[in-house]
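Good morning, and thank you for making time for this.

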Amino acid sequence: GLLSADSGSVCFMGEDWATMGVRRQTEQRGRTRRVFDQYGWITNLDMVENVCLGETHHTDRPLADIVAEAGRLARQFGLDELPGGRPTRLHPMLLRRLEWVRAFMGTPALMILERPLLGAPKADAARLFEAVCDAARRGVSTLWMTDEERVWECPALNLARRFRLEGESLRAA
């Protein structure tokens with residue numbers, strides 16, 4: 001859930017979150033994707049179930065279509081296939097790229113990327129940069145939180161607005 005604002009309002013896609021009904025809030029949560037600072041996997045599900053969970057829960061898409069999309073995204077991020085098995089049995093670098101796959105599934109409106117390059121091979125950064133830029137061209141907003149300077153070295157991200165966390169406030173950098 002979300003904490004209520006101390007003052008003002010929180011809007012998502014132009015709607016005040018506090019006045020949305022539970023069903024509408026659930027629909028909008030389904031349009032939000034995230035890469036966690038630490039891995040956010042459900043350990044008793046295999047990786048195909050983990051990666052596809054959001055889409056199977058928030059949409060009526062056929063499972064075969066969802067799994068096919070996950071496979072295409074896996075190849076886009078340099079994997080031969082969408083691996084099976086439990087998350088505890090997979091290498092952390094593989095898990096990171098699978099988080100990218102999960103984040104780009106479906107039609108997100110907002111992606112929250114919390115240190116998405118943590119544990120990823122440096123050579124894979126270009127794939128993520130390209131995917132974020134492609135998503136931005138489709139109208140997806142991205143909040144990318146990082147302490148890695150290499151993110152700002154990517155020419156494709158020059159149009160991004162930069163902020164620094166200072167205490168409890170975000171300040172334009």
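This is a predicted model: local features need pLDDT of at least 70, side-chain atom pairs count only at pLDDT 80 or more; totals for chains, interfaces and linings use all residues.

Residues are numbered from 1 along each chain as its sequence is written, and side-chain values use heavy atoms, with hydrogens and water left out.

The helices and strands that I name are DSSP runs, numbered from the N terminus, with helices being H or I of at least four residues and strands being E of at least two. The axes of α2 and α4 come within 9 Å and cross at roughly 30 degrees, where axes are lines fitted to C-alpha atoms, for helices over the stretch in contact, and angles run from 0 to 180 degrees between N-to-C directions. The two helices, α2 and α4, are therefore roughly parallel to each other, since angles under 35 degrees count as roughly parallel, over 145 as roughly antiparallel, 65 to 115 as roughly perpendicular and the rest as oblique. On the α2 side the contact is made by M47, N50 and V51, and on the α4 side by L95, L98, V101 and R102, contact meaning heavy atoms within 4.5 Å. Sorted by class, the contact of α2 with α4 has five nonpolar, one polar and one charged residues; here Ala, Val, Leu, Ile, Met, Phe, Trp, Tyr, Cys and Pro count as nonpolar, Asp, Glu, Lys and Arg as charged, and the others, Gly among them, as polar.

Leaving aside neighbours within four places in sequence, R102 is in contact with several residues, including R33, R34, W41, N50 and V51.

Now to the other partner of α2. The axes of α2, residues 47–58, and α3, residues 63–76, come within 10 Å and cross at roughly 120 degrees, which makes α2 oblique to α3. In this pair, V48, V51, C52, E55 and T56 of α2 meet L63, I66, V67 and A70 of α3, and the residues of that contact divide into seven nonpolar, one polar and one charged.

Within α2, the residues M47, N50, V51, C52 and E55 are buried, and what covers the buried residues of α2 includes β3, α3 and α4. At the start of α2, a side-chain oxygen of D46 reaches to within 3.1 Å of the backbone nitrogen of V48.

Finally, a look at two loops. M13, in the loop between β1 and β2, has a positive phi of about 55 degrees although it is not a glycine, and M13 is exposed, with a relative accessible area of 51%. R115, in the loop between β4 and α5, likewise has a positive phi, of about 50 degrees, and R115 is partly exposed at 26%.

Notes: Buried means under 20% relative accessible area, exposed over 50%, partly exposed in between (1.4 Å probe, protein chains only). A polar contact is a pair of N or O atoms within 3.5 Å; within protein, one must be able to donate a hydrogen and the other to accept it, and residues adjacent in sequence count only if both atoms are side-chain atoms.
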